[in-house]
Amino acid sequence: MPLKSRHLLGLEQLTREEINLVLDTASSMKEILGRPIKKVPALRGKTVINLFYEASTRTRTSFELAAKHLSADSVNIATAASSVTKGESLIDTAATLRALGADAVVLRHPMAGAPHLLARKVDCAVINAGDGAHEHPTQALLDLFTIREKKGRLADLTVVITGDIAHSRVARSNIWGLSKLGARVRLCGPETLLPSGLEQLPVEKYHDFDRAIAGADVVMMLRLQLERQQQGLFPSLREYARLYGLSRQRLGLAAPDALVMHPGPINRGVEIAADVADGAQSVINEQVTNGVAVRMAVLYLLIGGGGGNESDPAGR
């Protein structure tokens, strides 16, 4: 079953079956990453353009590697060195990309909805790599993949997402993905960092981190996005770390085999202690590896053989 849309703009629009399709395809892609030669010809002749209006290390690099592992041509456009600095609009940039013959554009943009606008202006696939505080679908997909890989399922698991929920596109995408696959989602943070309208989402709201983490199967910590915040949302970093930081002692309140996750970059000593980030229950580095496999799956399903082609993407 192919994805219904030619774009990946968010997990809110995906069905449970489509999410599972991406995760299942990512399993095949991860097998490729374990080979001595990490390359298959699935996207030979295709062109993927990474258009990032915000700084990124993990997401941009993993999309670039994903394209190369599938034999696609990958082009990175740094907007700081492009015509954007001369006043070129996103719509004008879209026209340029269309003329260049791109098969897929991976877009990160500070404004929510920018990928949706781009998708209406180009003939190629558009993949949302993070739009403002709206969604970050591939990050959530790699989180789902990591949890399923470690736990064998997502249904009936309790997942706590703690931190700067209000400004987190990762949290929004994970809420949709986790709930559609049957997980229980708890959101925790100070009132000033929780968005309005939570009563309309399939989540439980907590202000007390100790209560939220009790018995949890997965603990997902989020970075304080100071660059998106207004001043005065919490008294101090020390106070925040005391109330909402994940320490070894606090992790002991969760299930004994609870996973510790973080989308990165990590503020050690603020939202998570160093010994927890590097501890045996942490899967943070595995999230990064799985991000390449998931993004390979997304590219394959959107511009490769995923549209009904039954050929094996792993080239077996």
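**Cavity lining and nonpolar cores**

The lining of the largest cavity comprises four nonpolar, five polar and two charged residues (Ala, Val, Leu, Ile, Met, Phe, Trp, Tyr, Cys and Pro count as nonpolar, Asp, Glu, Lys and Arg as charged, and the others, Gly among them, as polar). The model is predicted: local features need pLDDT of at least 70, side-chain atom pairs count only at pLDDT 80 or more, and totals for chains, interfaces and linings use all residues. Residues are numbered from 1 along each chain as its sequence is written, and side-chain values use heavy atoms, leaving out hydrogens and water.

A search of the whole structure finds one cavity of 30 Å³ or more (a set of points on a 1 Å grid over the protein atoms alone where a 1.4 Å probe fits but cannot get out; lining residues have an atom within 4 Å of a point). The volume of the largest cavity is about 100 Å³. Its lining includes Arg58, His262 and Arg295. Helix α11 supplies the largest share of this lining, five residues (helices are DSSP runs of H or I, at least four residues, numbered from the N terminus).

The largest nonpolar core has 65 residues (buried Ala, Val, Leu, Ile, Met, Phe, Trp, Tyr and Cys residues joined through side-chain atoms within 4.5 Å; buried means under 20% relative accessible area, with a 1.4 Å probe and protein chains only). Helix α11 (residues 284–303) gives the most to this core, with eleven residues. Apart from this core lies another, of 24 residues, among them Met221 and Ile284. Ile284 also lines the largest cavity.

Technical notes: Buried means under 20% relative accessible area, exposed over 50%, partly exposed in between (1.4 Å probe, protein chains only). Helices (H or I, at least four residues) and strands (E, at least two) are DSSP runs, numbered from the N terminus. On a 1 Å grid over the protein atoms alone, a cavity is a set of points where a 1.4 Å probe fits but cannot get out, and a pocket is an open set with protein on both sides within 12 Å along at least five of seven lines; lining residues have an atom within 4 Å of a point. Grid points are joined across faces, edges and corners, and a volume is the space filled by probe spheres set on the points.
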